[in-house]
Amino acid sequence: MAGFGEKKDKKKKTPQQKPPIGGDILLKNAINHHTQGDLKNAEKAYRAAIDSGLLNVALFSNLGMICQITQRTEEAILLYQKAIQTNPNHPNAYTNLGGLHQNLGNLEQALASTLKSLELKPDNPDALMNLGGIYKDLGNLDQALASTLKSLELKPDNPDALKNLGGIYKDLGNLDQALASILKSLELKPDNPGAFQDLKGFIKELKLSASNAKNLTRVYELLIHRVDISHRELRTIFLQAFLPTIQKASISEPIISGSNEALKALASDWRFLKSLTLIIPPSSEAEGFFTRLRNELLNLAIHEGTTPRQVKSLTEILAAQCFLNEYVYTSSQEEDDSIAQLIEAAAHNQEDTNRYLAIIGCYKAIYTTGISPEFINNYPTPDDSSKELITAQFKEPRQEQEIKTSFQEKQNIGDTTSQKVQEMYEENPYPRFKFADYTNSDLANTIHKSIEIETTRKSLSFSDELKTSTATPKVLIAGCGTGNQVIVASRYKNAAITAIDLSISSLAYAIRKSLEYGMDKVTFKQMDLLNVAELGDIFDIIECGGVLHHIEKPSKGLSELIQQLKPGGYIKLGLYSEIARKVIVEARKTIQTLGINSTPESIRNFRKKVLAGEISELLDLPEFVRDFYSLSECRDLCFHVQEHRFTTESLQKLLDSHGLTFCGFMVPDQIKKLYQEIYPEDYDMTSLSNWGEFEEEHPSTFASMYQFWAQKKS
């Protein structure tokens, strides 16, 4: 086809004969490319239109959007300003400029631009939504709520505005409304990492109630399918949802009987089964139920020669739970003998492997049994429960073993205390986890933004490496353990991460998990942090959570780290609180007095006595500390070879002696709110003497650790 309306000229035109394309046509072409997502050709056409001399507000504003998306923020600002100069009464250019200033943290400029946009076009739902976000960032929550609700009146099905509304309700303390808003946002836009990211921020604060049961159940179902969250935060909801049924099922004697309707309900509830592959329930009643159930399943295997078909999946799921908690339940000598008998049978033929592997996995990790890898690989895996059994207990541990074997730089640890700590974590890599809080690269913040979110000090200074979105800041994670901190560090945009740890077993786990998340550019090294200078590098930030208090001299370890931190750089620390760990101190004294060793069997027997109430001094231990319910966590909690604890006063001395400025504790919003009510004059919430008084009145405030950022003086 030649064209429309004119005959095709048979005469060949030379390039010089082509008439120049007008700016309006170039702009139209650019918009077409832009609409189709072809940013490269859109930008090319926009720039050609500018070169043609065209002055058009959409031209500059749209090109500014492309520059903003591609992180050329300075050019984007200039283009938005050019758009405003071209047409001072065009609201979209002000909206775009305001949004960019908001992203950069220039909130006053963002507010001025957005208000100007709304002055020109009062009923712009997108500008109103942005205004709500700016007010939220400024702490003006009532205005944030009003602007966002008005935006939704104009555009009710806007998933982004609903997501923002959820964040505002969360900050206001209206968690049920926050939950409802974010759930509605997800219904409109199911693939929305930002909404899930917001949910992660307050899910552990939610409690099941009549008013939120429907919404919370739906969110729980969504979250147990996610691989980018730490499901530990769902433990409270799990117990609220399932413990009453577990209690009913426990009444039956035996548990496995045709009349136990509660057990049937649990065995057929996919949410319950899925949860047990992800969550260790911190409940003595749940543990007692699972211990009895495991014993009954073993007796059925021994006496009937197989696991009944109707409980096969439940057996595989129980094996997943036992592997997750590292076989923390006690077993009798009779059970141990029976399992040895089943392992012997399974080692000789495929049929017996198929019959007994699931119940064996409830007592012993199958990769350690000596059963033929061929038999294990041929185990039938028609469903998720059977796949989980083979993946978690066989394939993944073998991957870790391959990683350990291939480790090039195995170091001899010289410090005596470090050697003992290393030995402990080689035996029990800590913590074992299924999934972790991973941040999609599109949602990652520059490090300065992350630190601002996690601190309370208002006037922080940052180097260009920490502020610029195109920079590659160097991050050291000192004592990375099994890699949870590494995966959580995905929240840092473009970070070059180095992770060190004493334990090869822990590093192998960390490497496997980081690769699962596509974090293949992390540098892992076996190293005592006392020797961190051997890395030969200086870092923009350092994270060291839960490590220094296990060194013989924490101050020396901190000194070594600070020497590798740039002046003006930041360090994130996690240290035990003397006040919060009174129960643990009592437990450690009792363990020492009774001469209990830190072997798996000794730890199991200690826990059994505690749960049975046989150690009167430790009756509160299982309820007070949720880490009590897995083997490695209990060992780390009560049996660690070295532990130091701090007060806010000793923290102040530690920071002062190393030239560090305290930037505020990382505590839940309700704690911050209560602190501000008591100490309104401490605007930055950085008075450690005030926090000392606060902790005396609220001794569980730092039950996990003191966690905080500090800045090295320039």
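User: How many of the 14 residues of H7 are buried?

Analyst: Helices are DSSP runs of H or I with at least four residues, strands are runs of E with at least two, and both are numbered from the N terminus. Buried means under 20% relative accessible area, exposed over 50%, and partly exposed in between, with a 1.4 Å probe and protein chains only. The buried residues of H7 include Pro125, Leu128, Met129, Ile134 and Tyr135. H7 is mostly covered, and the number buried is 10 of its 14 residues.

User: On what kind of model does this rest, and what pLDDT do side-chain atom pairs need?

Analyst: Residues are numbered from 1 along each chain as its sequence is written, and side-chain values use heavy atoms, leaving out hydrogens and water. The model is predicted; totals for chains, interfaces and linings use all residues, local features need pLDDT of at least 70, and side-chain atom pairs count only at pLDDT 80 or more.

User: Which helices are included in what covers the buried residues of H7?

Analyst: Contact here means heavy atoms within 4.5 Å. By that criterion, the cover includes helices H5 (91-104), H6 (107-120), H8 (141-154) and H9 (159-172).

User: How far apart are the end C-alpha atoms of helix H7?

Analyst: The expected span of a helix is 1.5 Å times one less than its number of residues. For the 14 residues of H7 (residues 125-138), this gives 20 Å. The model agrees, since the end C-alpha atoms are apart by 20 Å.

User: Which backbone nitrogen does a side-chain oxygen of Asn124 reach at the start of H7?

Analyst: A polar contact is a pair of N or O atoms within 3.5 Å; within protein, one must be able to donate a hydrogen and the other to accept it, and residues adjacent in sequence count only if both atoms are side-chain atoms. The Asn124 oxygen comes to within 3.0 Å of the backbone nitrogen of Asp126.

User: Is Asp501 buried or exposed?

Analyst: Asp501 lies in strand S2 (residues 496-501). Its side chain reaches the backbone nitrogen of Cys480 at 3.3 Å, and a polar atom of that side chain lies 3.0 Å from the backbone nitrogen of Ser503. Because its relative accessibility is 9%, Asp501 counts as buried.

User: How many disulfides does a search of the whole structure find?

Analyst: A disulfide is a pair of cysteine sulfur atoms within 2.5 Å. The search of the whole structure gives a count of zero.

User: Which cysteine sulfur is nearest to that of Cys634?

Analyst: Cys634 is in no disulfide, and it is buried, with a relative accessible area of 0%. At a distance of 4.7 Å, the nearest cysteine sulfur is that of Cys638.
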